[in-house]
Amino acid sequence: MIQILVVENLSKTIRNKKIINNVSFNLKKGEILGLIGPNGAGKTTLMRMIMGMVSIDNGSILVDGKSIKKHREDILRRIGGIIEVPKFYPYLTGFENLKYYSILSKNKNNLDIHEVMSLLGLENAKQQKVKNYSLGMKQRLGIAQAILHEPSVLILDEPMNGLDPIGVNVLRNYIKDVARKKNVAVILASHLISELEGICDTALILKEGVTHEKIQLSETACLNQIELVSITVNKNYIDKAIKKIICFFEDEKPTVIVEGNQLKLYLNVESVPLLLQKLLNDNIKVYEVKREKRTLEERFFNVIGGNTSEYTTWKFKGRNI
């Protein structure tokens with residue numbers, strides 16, 4: 001897929017504090033990227049910089065190959081987003097709000113409002129006043145407004161805040177639809193890590209303005225990743241299996257960890273079928289092969305440090321809780 005957004009060595013200092021520190025990543029069309037990090041990690045500032053709301057001190061932001069510094073007006077036409085809660089005229093209908101926004105944008109290539117509202121599941125609420133919308137409906141109307149001018153990149157800051165589990169599930173599916181059906185690259189920030197894992201193709205962990213790890217989450221992306229794999233064999237074949245595994249790798253030999261009759265090693269997931277075939281052809285009894293996949297939450301706490309999190313110790317009336 002084509003890279004639509006390229007962020008290179010981006011930095012921002014506010015009041016003598018480095019908020020964004022040499023951040024680099026890229027995003028493809030149709031890809032959903034999750035931004036996670038503790039409060040103050042720089043997530044919102046980073047999104048504001050991409051949306052042109054905060055100036056760049058150092059580095060660059062390219063959208064479709066064009067720099068936001070040199071082509072700001074053109075680039076901003078390609079970006080849609082919601083920072084914090086979307087605002088609407090409560091006594092206008094959902095359709096009237098989008099119509100008003102469409103006129104203000106002066107964009108001749110705006111999508112059909114009926115089509116956008118249908119895509120976001122609001123076709124039955126077109127003529128309903130926004131003051132009567134639920135929070136989830138307002139969030140979806142905000143996304144409808146953000147994609148009305150057909151952006152290449154959609155930025156959503158905490159879009160699931162305040163939603164109940166049903167609302168979260170509905171919004172999650174609509175965000176996926178926007179990315180897939182409109183081929184829009186989406187950047188999504190949320191504190192609901194488990195929800196990000198269920199919607200995003202990749203996740204970027206930020207801590208104190210620094211990118212610590214970009215994690216592949218989609219199954220197709222994970223195929224090319226190095227993962228911890230567990231192979232369960234008959235206990236009488238452990239030594240033979242270890243020798244076969246070591247010989248399987250021509251260049252860099254892996255470290256095989258033995259836990260009972262389980263053999264654990266890091267390898268490219270795509271090589272598992274061929275390795276399994278080699279073991280079986282050598283009459284080694286294999287009972288189970290599985291990927292020891294860590295959750296996104298586990299990876300997050302591993303990066304930020306469980307003992308240093310702002311949530312670890314709460315103080316109340318002079319006592320630690």
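**The six-stranded sheet**

What you see here includes an open sheet of 6 strands, ordered β6-β7-β8-β3-β9-β10, and its pairing is mixed. At the edges are β6 and β10 (210–216), each of which pairs on one side only. On average, neighbouring strands of this sheet are turned by 15° against each other, direction ignored.

Before going on, the ground rules. This is a predicted model, in which local features need pLDDT of at least 70 and side-chain atom pairs count only at pLDDT 80 or more, while totals for chains, interfaces and linings use all residues. Residues are numbered from 1 along each chain as its sequence is written, and side-chain values use heavy atoms, with hydrogens and water left out.

Helices (H or I, at least four residues) and strands (E, at least two) are DSSP runs, numbered from the N terminus. Two strands pair if DSSP finds at least two bridges between them. Axes are lines fitted to C-alpha atoms, for helices over the stretch in contact, and angles run from 0 to 180 degrees between N-to-C directions.

Within the sheet, strand β3 (residues 32–36) and strand β8 (residues 185–189) pair in the parallel sense over 4 bridges. The bridge partner of G34 in β8 is L188.

Helix α6 (residues 165–182) packs on the sheet and touches β3, β7 and β8, with its direction at about 135° to that of β3. Contact here means heavy atoms within 4.5 Å. Helix α5 (residues 135–147) lies across β6 and β7 (153–157), and runs at about 160° to β6.

Is L171 buried or exposed? At 1% relative accessibility, L171 is buried; the cut-offs are under 20% relative accessible area for buried, over 50% for exposed and partly exposed in between, with a 1.4 Å probe and protein chains only. Leaving aside neighbours within four places in sequence, L171 is in contact with Q139, R140, I143, P159, M160 and L163.

Strand β1 (residues 3–14) pairs with strand β4 (residues 58–63) in the antiparallel sense over 5 bridges, and V6 stands opposite L62 in β4. β4 also pairs with strand β5 (residues 66–67), again antiparallel, over 2 bridges. There L62 stands opposite S67 in β5. β4 and β5 form a hairpin with 2 residues between them, and D64 in the turn has a positive phi of about 55°.

**Aromatic pairs**

How many aromatic pairs does the structure hold? There are 2, where rings of Phe, Tyr and Trp (its six-membered ring) pair if their centres lie within 6.5 Å, and planes under 30 degrees apart count as stacked, over 60 as edge-to-face and the rest as tilted. Y89 and Y100 are edge-to-face, at 5.5 Å centre to centre and 80° between the planes. Y89 lies in the loop between β6 (79–82) and α3 (94–105) and Y100 in helix α3, so this pair ties together parts that are 11 residues apart in sequence. Y89 is partly exposed at 46% relative accessible area, and Y100 is partly exposed at 38%. F248 and F249 are also edge-to-face, at 5.1 Å and 90°; F249 is buried, at 16%.

**Lining of the pocket**

β6 gives the most to the lining of the largest pocket, with 4 residues. α2 (72–76), β6, α3 and α5 each supply at least two.
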